[in-house]
Amino acid sequence: MKRALDLTVSAVTLVVLSPVLLVIAALVRWKLGTPVLFKQERPGLHGEPFTLVKFRTMSPSISDPTDGTSDEGRLHPFGAKLRSTSLDELPELWNVLKGDMSLVGPRPLLMHYLPLYSDRQARRHELRPGLTGWAQVNGRNTTPWPERLEMDVWYVDNRTMWLDLKILAMTIPNALRRSGVTQEGQATVEYFTGK
């Protein structure tokens, strides 16, 4: 049932929003140049890697992209607007359609976080990662890492179709309010450094 919902909603949304996607792609190309899409390997179901696709919001990195020091300087003003509205995430619907992701689930984080999780935190990978999730509608990037990862595990243990529908319904007003997009003092969120 969950996969059927993922397929239906992602396919219909991609078709309906195709004009919006084309306009955003054109604006990204104009403001930031090419490539228009940002692609990065992320851990999916059982921690297996997949290629996540988003609209690009940053200038290319000239240093280590995982050092946590360069994101703010690389985040383009137009990219910041895309992020604040979550429009940069729309291409991830393609990941949902392909089966790499689900509409709802723990957000796919970075590959190099995998060895840093506790055994309990690693349970977030028992499900496909989501376009949105329980942690995203309860603070998003403003929530400290331990609580955020605990919310992911709570979702793994308590997921139902009704909970998914509730999270989807909560996601839209959260995105419109632009709540929890960035952590104070960060371009997005501080890097996870361990348990």
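## Close-up views of a predicted model

View 1. Buried means under 20% relative accessible area, exposed over 50%, and partly exposed in between (1.4 Å probe, protein chains only). A salt bridge needs a side-chain nitrogen of Lys or Arg within 4 Å of a carboxyl oxygen of Asp or Glu. Asp6 sits in helix α1. Leaving aside neighbours within four places in sequence, Asp6 is in contact (heavy atoms within 4.5 Å) with Val96, Met101, Ser102 and Leu103.

The model is predicted: local features need pLDDT of at least 70, side-chain atom pairs count only at pLDDT 80 or more, and totals for chains, interfaces and linings use all residues. Residues are numbered from 1 along each chain as its sequence is written, and side-chain values use heavy atoms, with hydrogens and water left out.

**View 2. The Lys54–Asp88 salt bridge.** The closest N and O atoms of this pair are 3.7 Å apart. Lys54 lies in strand β2 and Asp88 in the loop between α4 and α5, so the pair ties together parts that are 34 residues apart in sequence. Helices (H or I, at least four residues) and strands (E, at least two) are DSSP runs, numbered from the N terminus. Lys54 and Asp88 are both buried. They belong to a network of salt bridges that also links Glu89, Glu92 and Arg107.

**View 3. Two further salt bridges, Lys98–Asp100 and Arg123–Glu126.** The side chains of Lys98 and Asp100 meet at 3.3 Å, N to O. Lys98 is partly exposed, at 47% relative accessibility. Arg123 and Glu126 meet at 2.8 Å, N to O. Glu126 has a relative accessible area of 37% and is partly exposed. Arg123 is also partly exposed, at 22%. The count for the model comes to ten salt bridges.

**View 4. Phe55 in the largest nonpolar core.** A nonpolar core is a set of buried Ala, Val, Leu, Ile, Met, Phe, Trp, Tyr and Cys residues joined through side-chain atoms within 4.5 Å. The elements giving two or more residues are α2, β2, α4, α5, β3, α6 and α7. The largest share, four residues, comes from α2. Beyond neighbours within four places in sequence, the contacts of Phe55 include Leu21, Ile24, Val28, Leu82 and Asp88. Apart from this core lies another, of eight residues, among them Leu110, Tyr113, Trp145 and Phe192.

**View 5. Helices α6 and α7.** Helix α6 (residues 145–158) has 14 residues and reaches 20 Å from first C-alpha to last, close to the 20 Å expected. The expected span is 1.5 Å times one less than the number of residues. Buried residues of α6 include Trp145, Leu149, Tyr155 and Val156. The buried residues of α6 pack against α1 (2–16), β3 (102–104) and α7 (161–177). Helix α7 has 17 residues and reaches 25 Å, close to the 24 Å expected. Its buried residues are Leu163, Asp164, Ile167 and Asn174. What covers them includes α1, β3, β4 (130–132) and α6.
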